[in-house]
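Thank you all for coming; I would like to take a few minutes to walk slowly through one structure with you. Please look at the sequence and the picture first, and then we will go through them together.

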Amino acid sequence: MRRIGVLTSGGDSPGMNAAIMAVARSAAYHELSLIGVKHGYNGLLCKSHNIHDDMAELDLDTVLDIADQPGTYLRTARCVEFKQPEVRERAVENLHKMGVEGLVVIGGDGSYQGAMRLCELGIPTIGIPGTIDNDLPYTEMTLGYDTAVNSCVSDIRAIRATSRSHDRPAVIEVMGRHCGDIALKSAASTGAEIVVVPEVHWSIDQVAERLNALIARGNNRVSVVVAEGAWENMEPFDVYGFLTANGVQCYPGEVISSPRLASILKLKCGMVEARATILGYTQRGQHPSAYDSSFAFEAGNLAVKLLSNGIGNQVVGIKDGRIFYMPIADALRCKRSFNMELYNLINSL
Ligand code: F6P
C-alpha cells in the first residue's frame with residue numbers, strides 16, 4: 001500500500017483530532033502518503049465538484065498541532081445516501097481516482113456499517129470507535145466517552161453546588177442517544193441520587209416517589225440525571241393534562257422534556273422550585289482527557305499498522321486497558337450488557 005485515507009463521521013467526539021494525528025504520524029513512519037477526507041463519507045462522493053476540496057493530502061506539520069484540540073479538523077457529517085449501493089460504488093471510484101488503497105474511519109456504529117460495505121467493494125478499512133455514546137459493546141470504551149463523562153461530572157458538580165445553596169432539586173439531561181452509559185457514569189461519579197436511562201423502563205410517579213422519600217429524609221437538593229434517550233422507555237404520562245390541571249401553561253400534545261419533568265416533579269413533591277439543565281454539546285466539544293488522548297494515539301497507530309500489513313475489515317477497541325482489533329461484522333454483532341447493579345445502587349441508596 002502506498003496511500004491511505006482517513007475520515008471522521010457521525011457526531012464529533014473528543015479525541016478525533018488526536019486519532020487523526022496518530023494516523024498521520026504512523027502513516028509517515030510506514031512511508032504511506034495520507035489523504036484527509038472532508039465531511040465524513042460525503043467527502044468520498046466529491047460533493048464540492050472538485051475532488052481536491054473533498055480529499056486532500058494531509059500535511060503532517062499541520063496535523064501535529066491539532067492533536068489536543070476539540071472537534072475534528074477533517075469536519076464530520078452523517079451521510080444517509082451512503083446506504084445506497086450505487087452511491088458507495090461512486091465513492092470507491094473516487095478513492096481509486098485519488099490512489100487511496102485503504103481507509104481509516106473514525107466514527108460510531110453507522111460509520112462502521114459504511115466501512116464494512118467499503119471492504120466488500122475491495123477497500124480495506126479499519127474503524128476507530130469515535131463517539132461519546134459508548135454504544136459499541138465490543139469495546140470497553142469508545143473514543144470521547146471518558147471526556148464526555150468528565151465534562152458532565154464537572155457540570156453536575158456545579159449544578160449540585162447551586163442546588164445545595166437553594167435547597168432545590170435539579171434535573172440534568174445528558175447525551176448518549178439510545179445508550180444510558182454517560183448518564184449512569186456521571187450520576188455515580190457525582191453522587192446524584194436518581195438516574196433514568198433508556199435501558200430501564202421507568203415512570204414519572206416512581207421518580208416522584210423516590211424524590212419524596214429523599215426529601216422526607218432531609219435531602220431537598222437531589223440531582224436527577226436523565227439520559228436523553230430515557231424518554232423512549234418512560235411510562236406514558238399526560239403532560240398537558242397534569243400541568244394544565246395545576247395551572248401551568250402547556251400546549252395540547254406537548255411531549256415530555258427535562259424542563260417539563262422538573263415542573264411535574266416540583267408539583268408532585270411540593271418543592272418551591274425545581275430546575276432543568278440540558279448539558280448538550282458541551283459534552284462533545286471538550287479537549288480530550290488523558291484517557292481518550294492516549295487511546296486515540298494507540299488506536300490511530302494500530303489502524304495504520306494493520307493497513308500497512310494489508311489487513312482491513314477490522315475495528316480497533318480497548319479491553320482491560322489494552323488495545324486490540326477484531327472483524328467489523330463480529331464487533332457489530334456484540335450485545336450490550338447494561339450495568340444494572342450500578343443503576344440500582346444509585347436509585348436506592
Ligand atoms: O452520537 C453522538 C451524539 O452526540 C448523541 O449523543 C446525540 O444523540 C447525537 O449525537 C446528536 O446528534 P446531532 O448533533 O446530529 O443532533
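I will begin with the overall division of the protein, go on to the interface, and finish with the ligand.

Please keep in mind throughout that what you see is a predicted model. The protein is divided into two parts, with domain 1 covering residues 3-144 together with 288-333, while domain 2 covers residues 145-284. If you take the C-alpha centres of domain 1 and domain 2, you will find that they lie 35 Å apart.

Now, how many residues are in contact between domain 1 and domain 2? On the side of domain 1 there are 18, and these touch 13 residues of domain 2. Between them the two domains bury about 1,200 Å², and 50% of that area is on carbon and sulfur atoms. Within the area that domain 1 buries against domain 2, Ile 132, Asp 133 and Asn 134 supply 42%, which is more than any other three residues supply.

Turning to the polar side of this interface, 10 residue pairs are in polar contact between domain 1 and domain 2. The residues of domain 1 that touch domain 2 divide into six nonpolar, seven polar and five charged. Two salt bridges are found across the interface. I would also point out the salt bridge in which the side chains of Asp 133 and Arg 177 meet, at 3.9 Å from N to O.

That brings us to the ligand, whose surroundings include Asp 133 and Arg 177 again, along with Ile 132, Glu 228 and Tyr 281, among others. A polar side-chain atom of Asp 133 lies 2.7 Å from an oxygen atom of the ligand. The side chain of Arg 78 has an N or O atom 2.7 Å from a ligand oxygen, and for the side chain of Arg 284 the corresponding distance is 2.8 Å. Taken alone, the ligand exposes 400 Å², of which the protein buries 75%.

Terms used: Residues numbered from 1 in each chain as written. Predicted model: local features only at pLDDT ≥ 70, side-chain atom pairs only at ≥ 80, totals over all residues. Heavy atoms only, no water. Domains from an automatic or database assignment. Contact = heavy atoms within 4.5 Å. Buried area = accessible area lost by both parts, 1.4 Å probe. Salt bridge = Lys/Arg side-chain N within 4 Å of Asp/Glu carboxyl O. Polar contact = N/O pair within 3.5 Å; in protein donor to acceptor, adjacent residues only side chain to side chain. Nonpolar A, V, L, I, M, F, W, Y, C, P; charged D, E, K, R; others polar. Near = heavy atom within 4 Å. Areas by Shrake-Rupley, 256 points an atom, 1.4 Å probe, with all protein chains shown as cover.
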